[in-house]
Amino acid sequence: MSSRRPTGASQFLRLPSATTARFLILVVATAGVALYFLPQPLQMAFLVAADLDVLPRVWHTRCPEDALALVGNVPARELRREYLDCAALASTVETGTWVAALALPLSIGLLIYTLYPRWLRRRLRPLARPELAQAAYAERELARALGSRRGGVRLLVTPGTAGGARAFGAWGRYWIAVDRSLLPATGSAPGSSPPRSPDRGRTGGPPGRQPDASSGRHANRSDALIHHEAAHVLNRDIDITYLAIAVWWGLVLCAVPATALMFPTPSGGWGRTALLAVLLVVLSHTRSRVLQVREFYADVRAAHSPGVAVQLLHLLPTARPERLLLRWWRALSSSHPPPGQRAETIRDPSRLQNMHVLDLFYAGCTVGLGYVGFQYLANSISEVVGAPYTWIVGNASGILFGVLAAFVVCAFVWRASLGSLVRAEPRTRVFGAASALTAGVLLGQVVGPGNLEASWVYLLELRPGAALVLAVLLWIVFSVILRWILMVATTWLSVSESVWPLWPCVAVSALMFVLALTHWFYIVGHMTVGGSARPVPPSILNLLVLPITDPAWIATACLGAALPLLAWSAWGRELSGRDAAPRLCPPWIPVAFSAVVLLGLIVVVAGALRWLIERVVEDMATSDSVLSLAAQLGPLLLVCLGVVLAITVVSSWMLGGRGARARVLSTTVLALFLTSFLAIPAVHTGIAVGACVRGFDVPGACGDSFDGFGAKAFTDFVNTGSFVFVPLLLVCVPAALAASSLRTVAGIRPWPVRPAPGRWYDLLALAASALLGAVALLEPAATPAPEPEAERGTPYTATVPGAPAGEGPLTGRQTCEAVDTEYYLAIDFLNNPWSSAAGTTHVLARSTDPVLAAFAEPALEVFDGGDEAGGVTSSMYSQAAAQHYCALRHPGTGLLRNPAM
């Protein structure tokens, strides 16, 4: 085994850089700001053009006007069809403005990104025929710096217009410009470095200061500059740099005129202008952080070349104290960090491994700012193109921002964990990181378009207590995810210097963030629908506990527990100083743990079978209560739980100790997962074994006990496992952590493991766990949904719950309020959508509003003809048209959505 101590410098350069993470935050945040500021001005411009007959007059407000003009003059079915067509067309135009709002600044940014390098090259005025010796020297040094990446990079010698040296380009074509004055007049050997004169310290001139007379000084300066600019090519950050600049300017060129156009309107004014100014300042700071951090990475990579680090330090001027306002201005506008920080980073590259909570805060702001807008855009596009409403469409924003958050968080946490291991420092604190991410998500909704579907800020205004509870729950979820990422990163970095383990961590954490964000925003939206007029829906409790039994959450937890255990299979040699032994565990251990628990269940059930039958038969003879039956089976359930708990404590004691908490958690969760989903087959096996051993004096009892065993086991174990898994976690995980802590307090060292890769049974154990996880996740999805007729209980002519009492007429607003009540019953799971639509039809029939009453007639005709299914389908069209009409004619009611179905 090798005992060399890795520095981690080469490893952290191969990890995703902070430049990439910050750039992604900038681009997505820019798109979110564009979706907030640009749709309304574009819609206003469209209406102005329609009034001038430049464009057709197609908008939502036209639909009720046309319907009032047509009612009584055309059949009701044609009236409803005309209204739905008008609303669908208006929704298409509105969706087009949202797409244009997103595409316009990005298109302008791409245009600037494409044209700017060409303009810059002309502005630099490169020499057509530079001195042969200078050009040859620069070409040799550039080839030495780039190596195999030399192709596609061209050298430009400029007459002093490059400000020293700079790298630029677009679409894979790059140029490195170097001022002629910095190149040696004679062809010096590449990398030549003459002795340093006594009067020259760390205060060497910046790239643009007049060079010294000696060609050796020229060589020092030109070497450092060329290697620094070549490092930008090797780091692949040139495109990121100019895209960041271009996208920011694209937003400015679109948002500023749009805000000026909206200024005289009620939606504009000084508030909207001030908000745009604040957002542009924040985005400018984000852009500067992208540009500045790339310079650190270029310095560190360039300093890896022999002799270049000293030359770079010579070029950096002495750091001088700056006033606070000057430091703020540099942070907002400068593309280069302070020289003092650059010099410290060159001397200690591990500074780049630190995690800044400001990055996580900005990532959270991006999520909060853009989540609702992107989801509204995804829903609108799917409705316009007629795509089926699938889980992916309904959670498109959650997928986008979940993947973004996973990549950003994993990149920063992984780098910070590497720095902590290499420097033997305490691990990163999760409290501050989770707080920054949560605060960003909440604060981002303050400035985001929260009036569309769901907004935590709107919920805070409606129900402050519920909003604060949801904020705390979000912080808890983020803390759990961050702790898991930190655990995985520390475990894998302890055994491997490879970069690939980061990507499985990103994939699994993306699942976690997607599930967390979609579920949290769904709850927020569920509680804000209807505003203050709607009470807190009882179904909110079901939504809060849904993750406990959702197979997707459980399967993700299984993957999360298995990922740290995989590190043992990849452990080939010990890396000195990283103390991997207490963190690792062979994957066969949780499988063996689960096998012992299941064997214990089989023995307990088989041994107690006669007693179990007697108690159940006696109970069924005296009472048919489920609670009574549960009370009779209580002792057996407690015995089974005691078996699981005892084995958990023993295994956690064996695996636990100082620094071994991660493997205790992973092993316990994975073992409980296997136990939960195999508990029903174990119980069936125990019954069968008990019947065969005992016999019960019944001929053929042993063979009969196995009849239908496979079908019972397969159909029951998934659903039951979902309900067993979480209770076992709540009981056994604290016990496991307590047993591990007791071993630490007792001063007993953790059980050490040794590198032993390639064991087939470890891979087999992981494969079995993955297969069971896939079955748990996919089996409910593969179960066919019940037919709609099975859910329609009562006749569709029933009285509408919540509607005004009696059979008298309803005014237009009363009708719309009753339609809303039916809709809320459906989304609160108190009524099915088909009954809700049918009930809406009967409400509309009582309306004094002629348009609403006409919307009901087509559905009532189908019902009267005896076609119940057709009547329900027609009622859904009537409900959609009525909601759209109500939202425009009676503000505060209805739902302005695309009624195309």
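A residue counts as buried when its relative accessible area is under 20%, as exposed when it is over 50%, and as partly exposed in between, using a 1.4 Å probe and protein chains only. By that rule, buried residues make up 52% of the 901 residues in this protein. The model is predicted, so local features need pLDDT of at least 70 and side-chain atom pairs count only at pLDDT 80 or more, while totals for chains, interfaces and linings use all residues. Residues are numbered from 1 along each chain as its sequence is written, and side-chain values use heavy atoms, leaving out hydrogens and water.

**The whole protein**
- The protein has 34 helices and three strands; these are DSSP runs numbered from the N terminus, with helices (H or I) of at least four residues and strands (E) of at least two.
- A contact means heavy atoms within 4.5 Å. Among contacts between residues at least 6 apart in sequence, 80% join residues at least 24 apart.
- The accessible surface comes to about 40300 Å², and 65% of it belongs to carbon and sulfur atoms; such areas come from the Shrake-Rupley method with a 1.4 Å probe, and for residues only the protein chains shown count as cover.

**The nonpolar cores**
- A nonpolar core is a set of buried Ala, Val, Leu, Ile, Met, Phe, Trp, Tyr and Cys residues joined through side-chain atoms within 4.5 Å.
- The largest one has 89 residues, of which Trp414, Trp484, Ile485, Phe513 and Trp520 touch the most other members.
- Helix H18 (residues 464–495) gives the most to this core, with 16 residues.
- Another core, of 68 residues, lies apart from it, and its members include Ala138, Ala162, Cys254 and Ala303.
- Not counting residues up to four places away in sequence, Phe513 touches Gly402, Ala405, Ala406, Val409, Leu437, Phe478, Ile481 and Ile485.

**Where two helices cross**
- Helix H4 (residues 62–70) and helix H34 (residues 868–889) have axes that come within 9 Å and cross at roughly 105°.
- H4 and H34 are therefore roughly perpendicular to each other, a label given to angles of 65 to 115 degrees.
- On the H4 side the contact is made by Cys63, Pro64 and Leu68, and on the H34 side by His884, Tyr885, Leu888 and Arg889.

**A look at Val393**
- Val393 lies in helix H14 (residues 391–394) and counts as buried because its relative accessibility is 17%.
- Gln375 is 18 residues from Val393 in sequence, and their C-alpha atoms are 8.4 Å apart in space.
- Leaving aside neighbours within four places in sequence, Val393 is in contact with Gln375, Ala378, Asn379, Ser382 and Pro388.

Key: Axes are lines fitted to C-alpha atoms, for helices over the stretch in contact, and angles run from 0 to 180 degrees between N-to-C directions. Angles under 35 degrees count as roughly parallel, over 145 as roughly antiparallel, 65 to 115 as roughly perpendicular and the rest as oblique.
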